[in-house]
Amino acid sequence: MKIELVSAVTKNCLKDFLLMKKSLEAHHDVNFNVACDSYCFNYLSDNFENVECEQIITSNGADHVRGDESEKNDFIQIIKSKFDIAKKTLASSDFILWCDVDHFFINKFDDNVLNLCKNKSIDAALTPHFSDGFADENTVGYYNCGFVFISNLDFLNMWSKLFDMHKELNIYFEQKPLELTTQSFTTLTLPINYNVGWWKFMGSSGQARQQSIQLKDTIKFMNRDLVNFHFNFFKETQHGYNQESFRQTIKQLLQARGKTQDFVLIHEIQRLENEDI
């Protein structure tokens with residue numbers, strides 16, 4: 001089953017996108033539909049057959065968490081560009097995966113999740129933050145907006161409309177609007193082994209969650225197949241977590257599992273670490 005992924009890429013996160021792309025392709029057949037800046041357009045459009053680019057971003061990324069007002073406005077424009085790509089893609093597809101660039105995929109998606117989306121039995125599949133008290137989820141939203149399966153264009157349009165109104169409504173960017181959108185649609189809540197973001201390790205259960213990452217028949221998290229990590233591998237951030245620890249964890253897990261695809265990904269990490277992009 002082919003997955004239509006939607007994302008936004010700028011020069012300062014291009015390496016993260018390339019690593020995300022490579023890791024997901026190890027498990028699924030994917031087309032990547034991306035809004036991008038001129039630098040990424042020139043790099044991606046000529047090098048990859050399964051990447052569709054639209055050069056509609058004029059800034060080089062932005063930090064909506066710790067950035068100044070200008071950066072937050074740039075972030076808003078990037079998300080609007082992402083919505084534009086998502087609407088075009090979903091209009092001609094059974095479903096899309098709305099996905100940030102800063103993911104690393106460890107195991108495949110559950111077939112039943114993909115089938116529910118393809119058959120339009122659900123309107124969307126989402127991942128709660130499961131932040132264990134670290135984040136104020138009443139403010140920032142119950143669901144993380146960096147990883148969402150969407151099969152209903154009405155769902156996407158309502159989410160986009162609420163995002164356009166987020167300042168007027170005094171709600172948090174596109175993330176709280178996502179939570180409000182779910183109130184009007186049939187959605188699936190994915191378990192904690194999906195979208196394993198850095199914030200899941202910052203609460204009181206962080207150490208226990210970290211210790212639950214084990215190699216059995218495959219890489220496990222909380223006794224389930226660990227589907228994907230969510231953190232910036234290359235782009236330096238100021239979100240208060242130890243990026244280097246995450247990097248080393250991924251390298252060690254791949255080395256320990258030792259499948260052919262794992263060594264391919266280790267090589268890709270090394271290539272991107274040494275390449276000036």
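How many bridges join β4 to β7, and do these strands run parallel or antiparallel? In this predicted model, four bridges join β4 to β7, and the two strands run antiparallel.

**Close-up 1. Strand β4 between its partners β1 and β7.** On one side, β4 is joined to β1 by three bridges in a parallel arrangement, with V6 having W98 as its bridge partner; towards β7, C99 stands opposite F147. The side chains of I96 and W98 point one way from β4 (residues 96-99), whereas L97 and C99 point the other way, and all are buried.

**Close-up 2. The buried face of helix α4.** V113, L114 and C117 are buried in α4, which spans residues 111-118. Seen down the helix axis, the buried residues fall within an arc of 95°, so they line one face of α4. These buried residues pack against β1, β6, β7 and β8, and α4 is followed by K120, whose phi is positive, near 60°.

**Close-up 3. Two edge-to-face aromatic pairs.** The ring centres of F75 and F173 lie 5.4 Å apart with their planes at 90°, so this pair is edge-to-face. The pair links helix α3, which holds F75, to the loop between α7 and α8, which holds F173, 98 residues apart. F75 is buried, with a relative accessible area of 9%, as is F173, at 10%. F155 and F185 also form an edge-to-face pair, 5.3 Å centre to centre with 70° between the planes, and both residues are buried.

**Close-up 4. Lysines over aromatic rings.** The charged end of K11 sits over the ring of Y39, 4.6 Å from its centre, while that of K15 sits over the ring of F234, 5.7 Å from its centre. F234 also belongs to an aromatic cluster whose members include W198, W199 and Y241.

Technical notes. Residues are numbered from 1 along each chain as its sequence is written. This is a predicted model: local features need pLDDT of at least 70, side-chain atom pairs count only at pLDDT 80 or more; totals for chains, interfaces and linings use all residues. Side-chain values use heavy atoms; hydrogens and water are left out. Buried means under 20% relative accessible area, exposed over 50%, partly exposed in between (1.4 Å probe, protein chains only). The arc is that of the directions from the helix axis to the C-beta atoms. Contact means heavy atoms within 4.5 Å. Two strands pair if DSSP finds at least two bridges between them. Rings of Phe, Tyr and Trp (its six-membered ring) pair if their centres lie within 6.5 Å; planes under 30 degrees apart count as stacked, over 60 as edge-to-face and the rest as tilted. A charge sits over a ring if NZ of Lys or CZ of Arg is within 6 Å of the ring centre and within 35 degrees of the ring normal.
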